[in-house]
Amino acid sequence: MYPEKIELLINGKWREGSEGKTEPLINPATEEVLADVPHASPADLEEALQTSKEGFKVWRATPPLQRQAIMEKAARLMEDRVDDIARTLTLEMGKPYGESKIEVGFVVDVTRWYAEEGKRAYGRIVPARIPGARQMVMKEPVGPACAFVAWNFPGTNVIRKVAGALGAGCSMLIKPSEETPGTAVAIARCFQDAGLPPGVLNVVFGVPDEVSRHVLGSWIPRKVSFTGSIPVGKHLQKLSAETLKRCTMELGGHSPVIVFDDADVEKALNTAAGFKFRNAGQVCISPTRFYVQDKTYKSFVEGFTERANAIKVGNGMDDGVQMGPLIADRRLGVMDAFVADARDCGGRVTTGGERMGNQGYFYAPTVIADVPDEAKIMNDEPFGPVAPITPFNTFDEVVERANSLPFGLASYVFTSDGGKAAKMEDALDVGLVGVNHPFVAMPETPFGGVNESGYGSEGGIEGLDAFLRTKFVTEVGV
Ligand code: NAD
């Protein structure tokens, strides 16, 4: 059974939408309806905005140590409730239950990290020109904040915004994805049960474009943080311009994987294939373009195909399943279109390339070799379990090809040559580089892209800074 009742959280109270509108929540593995998702009416959104203003006043006046105590208690509640939260996550999103448990663990880590780091929002003293003057640079919470997040990491995407804001002393009004609402609700319940004051965290759902137009049209939020696709990110930035909100944009990418002949190929295969199909490829930092040097190319394609064939696909609640379904029906057609276009361009499908079964949105782990650079999948983010592989010859050639798209989120390099690794680290036009391993996302390290992948970091001290503003104070004769 689906463990969560989906409600709106406004001013510390859990409730239905005032106009009674709802939408069904679908399990992508079974196509069953799990629950009804309430929609916030314009009046509900207005109340959430006003209460986030009041919540901000209370929270910014709460000393960081007390904020930390509440956030720590919330983290402990999440640990206590991990089984139910992970079950909710798998049922609504599809990823294997074991991966959901790891994600909830990450949510706990992020909460603790920001709770701690909030105590270190240090300013500085600048030596004065005027005798007797004192000059102080102070860091203050930026104001009430809002966020809109995608469905692919229903816990991680939410907590990076919520804990960052709360750690810095901001209130947060968040619209999680209507396709994965229960995880966000379960996390918010932990904060409420830990004693978070009313209005500090508000959670709403609705028609995304209507909600974001209403919330971003208001002067109240002083900051917006978004995780999702590039077109939506650009749209939200435009909506934020009228009231000059600060933005953090964590958008899509198209991550190149570069495998040199001197790499440990077995290790590269195990790492890259495992990472490619994690979350069915629905990860913003998923490896999406594989450039493999000439001598290694043939064996890499064979090894990758073998590993793709060995993946157990199924309902994420079943034992041993390594890859679940895509989030929704619409994504199956997108995968088919990528595969058809790659075939038309001369690509060779070595495994997969089609939907699996006719119930649930399962797509076979797919490998396409010899894909030319002009194929659609080499230029548009696939966001699914399809891996295009292509050979390269020289260092300079692969740098140019890797940097040829407008995106710049993650990139991965496999080599045993330290000098080559350092040159690649410098040359890649991206926000994240993983050399010989893929772990580029941790609570304590900055995470974010460049160019059309967005700007601003989540994680690390940069993630706290995103919710702070700077004030300069100079005084004399006091
Ligand atoms: P989409 O752009 O329609 O939706 C992505 C998310 O943004 C959804 O959760 C949705 O609720 C939200 N959203 C959409 N329109 C919005 C609006 N006007 N205001 C506020 N929120 C809005 O894409 P999709 O079909 O769900 O997913 C596929 C694409 O999204 C992929 O191609 C991928 O690039 C991108 N994506 C990126 C990430 C990421 O982590 N960067 C996550 C999920 C999806």
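**Sheets, helices and a ligand shell**

Q: How many bridges join strand β15 (residues 366-369) to strand β16 (residues 386-392)?
A: The model is a predicted one, where local features need pLDDT of at least 70, side-chain atom pairs count only at pLDDT 80 or more, and totals for chains, interfaces and linings use all residues. Residues are numbered from 1 along each chain as its sequence is written, and side-chain values use heavy atoms, leaving out hydrogens and water. Strands (DSSP runs of E, at least two residues, numbered from the N terminus) β15 and β16 run parallel, and the number of bridges joining them is three.

Q: Which are the edge strands of the seven-stranded sheet?
A: The strands of this open, mixed sheet come in the order β14-β15-β16-β13-β12-β18-β19, where pairing takes at least two DSSP bridges.

Q: What angle does helix α11 (residues 329-344) make with β15?
A: A helix is a DSSP run of H or I, at least four residues long, and α11 packs on the sheet, touching β14, β15 and β16 (contact means heavy atoms within 4.5 Å). With axes fitted to C-alpha atoms, for helices over the stretch in contact, and angles from 0 to 180 degrees between N-to-C directions, the direction of α11 makes with that of β15 an angle of about 20°.

Q: Which strands does helix α12 (residues 395-402) lie across?
A: Helix α12 runs at about 145° to β16. The strands that α12 lies across are β12 (255-259), β13 (287-293) and β16.

Q: Which residues around the ligand come nearest?
A: The shell holds 26 residues, counted by having a heavy atom within 4 Å of the molecule. Elements that each supply at least two residues of this shell include α7 (208-217), α8 (230-241) and α11. The residues that come nearest are Trp-151, Ser-212, Ser-229, Arg-330 and Glu-381.

Q: How far does a polar side-chain atom of Asp-209 lie from a nitrogen atom of the ligand?
A: A polar contact is a pair of N or O atoms within 3.5 Å. Pro-208 brings a backbone N or O atom 3.4 Å from a ligand nitrogen, and a backbone N or O atom of Leu-251 lies 3.3 Å from a ligand nitrogen. For the polar side-chain atom of Asp-209, the distance is 3.3 Å.

Q: Which residue in the turn between β3 and β4 has a positive phi?
A: Strands β3 (residues 22-26) and β4 (residues 33-38) run antiparallel, joined by five bridges, and Thr-22 stands opposite Pro-38. They form a hairpin with six residues between them. A positive phi of about 65° belongs to Glu-31.

Q: Which residue in β22 is the bridge partner of Gln-135?
A: Another open sheet has the antiparallel order β5-β6-β22, with β5 (124-126) and β22 (468-475) at its edges. Strand β6 (residues 134-141) pairs with β22 over eight bridges. Across from Gln-135, the partner in β22 is Thr-474.

Key
Polar contact = N/O pair within 3.5 Å; in protein donor to acceptor, adjacent residues only side chain to side chain.
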